[in-house]
Amino acid sequence: MSSKEYGQSVRRTARKKQDRVDGDNRSASIASDFNNGDQGPQRSNFPGSASAIQSMPGLQPSSLKSPARHQPQQRNVSLPVQLPSKTPIKGSTASASANRPAFSSSVLSAPSVPQEGLREIVKRRLLEDVFQSCMEKWKGWTVCVVDEPGMRVMSNVMGMYDLMEQRVTLVESITKKRAPFREMAVVYVISPTQENISQIIQDYSGQGAKPQPLYGPAVFIYTLNKLPQQFLEQIKTCRPLVKSIRALREINMDFVAKENRAFHFDMRTSIKDLFSSRSSSPFLLATIVEKLVTVCATLNEYPHVRYPANSSLCQELAEAFHRQMNE
């Protein structure tokens, strides 16, 4: 390297050192100005500055206490996070529950439980009030005997699998000829009609020289509607039946729960029969009222009834329903 090149290298090195020293001096000057609160003359016109506050009436400069600018201001912020009850908070001796943020009652309230539908209510009542009650009183298998309305009520809300879980091995129609099962109990789910009551009495009266009952020594009778007193007196006349009866109840479910919010009475010609003639049938109105009362009993409701004042049919039906509900 020549002497000329060596001199240029020395000068470049000295220039770099001088630039580094000048940069450090400028950084130190900026830091000193920040610590001393010197933000320039433009800060005096800011609405939150000391000069602006001094010009406001009713405020004294001596009452203003601003924190040092090199120390960040601390704020307590409540976050919408619920801490576990056993999680300690660092740097604090207070319990975790005391440091939880406050929630409104609407946030802490439990979610609304969906309302139980009509089909679920009918199924639950059939399982609990009929079959589970039978299971508590009879430990063996049972036979279920139904009529057409009873079959319609049960088949719309449950299947054979649900019945087999309740130890029901067979479902038969009361109007058909049936084989004897003397080692099993029998559950009747029927409408309270003269034909059904007579058939139940015949099942335990027997036929031939040595009459024997058709089923075992445990009889459970459940009627879909109110059992008239004369039918109860007929049952008392059959002594073998009375000895075998374990339950005789009115379950008040004389309707078909087609959907969770829809039902019908399985009366296909009722509209035509009601409005085809000027005078309505008292028997038809009584049947509709009795079925409607079972719906209210199942839902545990006492409804308000409104009807058009110019309709004598609606008035007659409403008054009959009101009387039946108060009985």
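Which residue forms a salt bridge with Arg 124?

1. The partner of Arg 124 is Glu 116, and the closest N and O atoms of this salt bridge are 3.1 Å apart. Arg 124 is partly exposed, its relative accessible area being 32%. Glu 116 is likewise partly exposed, at 38%. The coordinates discussed here belong to a predicted model.

2. The chain has a mean pLDDT of 77, and 65% of its residues reach 70 or more. Over residues 37-110, however, the pLDDT is below 50. Where pLDDT is low, the predicted coordinates should not be read in detail.

3. The largest nonpolar core comprises 35 residues. Those with the most contacts inside this core are Leu 126, Phe 131, Met 154, Val 189 and Phe 220. Two or more residues each come from helix H4 (118-137), strand S1 (142-146), helix H5 (148-155), strand S3 (185-190), strand S4 (219-223) and helix H11 (282-299). Helix H4 gives the most, with 7 residues. In soluble globular proteins, nonpolar side chains tend to be buried together.

4. With neighbours within four places in sequence left aside, Leu 126 is in contact with Phe 131, Met 154, Val 157, Met 158, Ile 251 and Met 253.

5. The whole structure contains 8 salt bridges. One of them joins Asp 162 to Lys 123, with the closest N and O atoms 3.6 Å apart. Because Asp 162 lies in helix H6 (residues 160-165) and Lys 123 in helix H4, this pair ties together parts that are 39 residues apart in sequence. Asp 162 counts as buried, at 17% relative accessibility, whereas Lys 123 counts as partly exposed, at 28%.

6. Another salt bridge links the side chains of Lys 236 and Glu 233, at 3.8 Å from N to O. Both residues belong to helix H8 (residues 229-236); they are 3 residues apart and therefore separated by about one helical turn. Lys 236 is exposed, with a relative accessible area of 52%, while Glu 233 is partly exposed, at 37%.

How values were computed: Residues are numbered from 1 along each chain as its sequence is written. This is a predicted model: local features need pLDDT of at least 70, side-chain atom pairs count only at pLDDT 80 or more; totals for chains, interfaces and linings use all residues. Side-chain values use heavy atoms; hydrogens and water are left out. A nonpolar core is a set of buried Ala, Val, Leu, Ile, Met, Phe, Trp, Tyr and Cys residues joined through side-chain atoms within 4.5 Å. Buried means under 20% relative accessible area, exposed over 50%, partly exposed in between (1.4 Å probe, protein chains only). Helices (H or I, at least four residues) and strands (E, at least two) are DSSP runs, numbered from the N terminus. Contact means heavy atoms within 4.5 Å. pLDDT is the predictor's confidence in each residue, from 0 to 100. A salt bridge is a side-chain nitrogen of Lys or Arg within 4 Å of a carboxyl oxygen of Asp or Glu.
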